Amino acid sequence: MLELRPNCECCDKDLPPDAPDAMICTFECTFCAECAESVLDGVCPNCGGDLVRRPIRPAAMLARYPASTKRILKAEGCGPRRAA
């Protein structure tokens, strides 16, 4: 089951389960679209994978499969992506 994290790991913006601007990688790292595009250049700083729009879990399914409440925030922040 996909973990729907409640915030952007860079700026700590709230990203509720129905947020249209939530971006995610294959390891479920979660960022807002603004950080994903302007700071991270579409690449996850944790694993190097692509950041894509996070799917929205239908409200009817949230009761049985709730979103995560655990906030994850990069203590060092998310500076510009380093060149490979």
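The dialogue below goes through several features of this predicted model in turn.

Me: What should I keep in mind about numbering and confidence before I read this model?

Reply: Residues are numbered from 1 along each chain as its sequence is written, and side-chain values use heavy atoms, with hydrogens and water left out. The model is predicted, so local features need pLDDT of at least 70 and side-chain atom pairs count only at pLDDT 80 or more, whereas totals for chains, interfaces and linings use all residues.

Me: How many helices and strands does the protein have, and in which pattern do they follow one another?

Reply: Helices (H or I, at least four residues) and strands (E, at least two) are DSSP runs, numbered from the N terminus. Here the protein has 2 helices and 3 strands, and reading along the sequence gives the pattern β-β-α-β-α.

Me: What does the radius of gyration say about the overall form?

Reply: The radius of gyration is taken over C-alpha atoms, and the globule rule is 2.2 Å times the number of residues to the power 0.38. For 84 residues a compact globule would have a value near 12 Å, and the protein, with 12 Å, agrees. Along the principal axes, its C-alpha atoms fill a box of roughly 40 × 20 × 20 Å.

Me: What share of the residues is buried, and which residues have the most contacts inside the largest nonpolar core?

Reply: Buried means under 20% relative accessible area, exposed over 50%, and partly exposed in between (1.4 Å probe, protein chains only). In this protein, buried residues make up 37% of the 84 residues. In soluble globular proteins, nonpolar side chains tend to be buried together. A nonpolar core is a set of buried Ala, Val, Leu, Ile, Met, Phe, Trp, Tyr and Cys residues joined through side-chain atoms within 4.5 Å. The largest one here has 17 residues, and those with the most contacts inside it are Cys-8, Cys-10, Leu-15, Phe-31, Leu-40, Cys-44 and Leu-51. Strand 1 (22–24), strand 2 (30–32) and helix 1 each give two or more residues to this core, with helix 1 providing the largest share, 3 residues.

Me: Which residues is Cys-44 in contact with, apart from its neighbours in sequence?

Reply: Contact means heavy atoms within 4.5 Å. Once neighbours within four places in sequence are left aside, Cys-44 is in contact with Cys-25, Cys-29, Phe-31, Gly-49 and Leu-51.

Me: Which cysteines are joined by a disulfide, and where do they lie?

Reply: A disulfide is a covalent bond between the sulfur atoms of two cysteines, and the rule used here asks for a pair of cysteine sulfur atoms within 2.5 Å. The count comes to 1 disulfide, which joins Cys-10 to Cys-78 with an S to S distance of 2.1 Å. Cys-10 lies in the segment before strand 1 and Cys-78 in the segment after helix 2, so the pair ties together parts that are 68 residues apart in sequence. The link is left-handed, with -95° about the S-S bond, and both Cys-10 and Cys-78 are buried.
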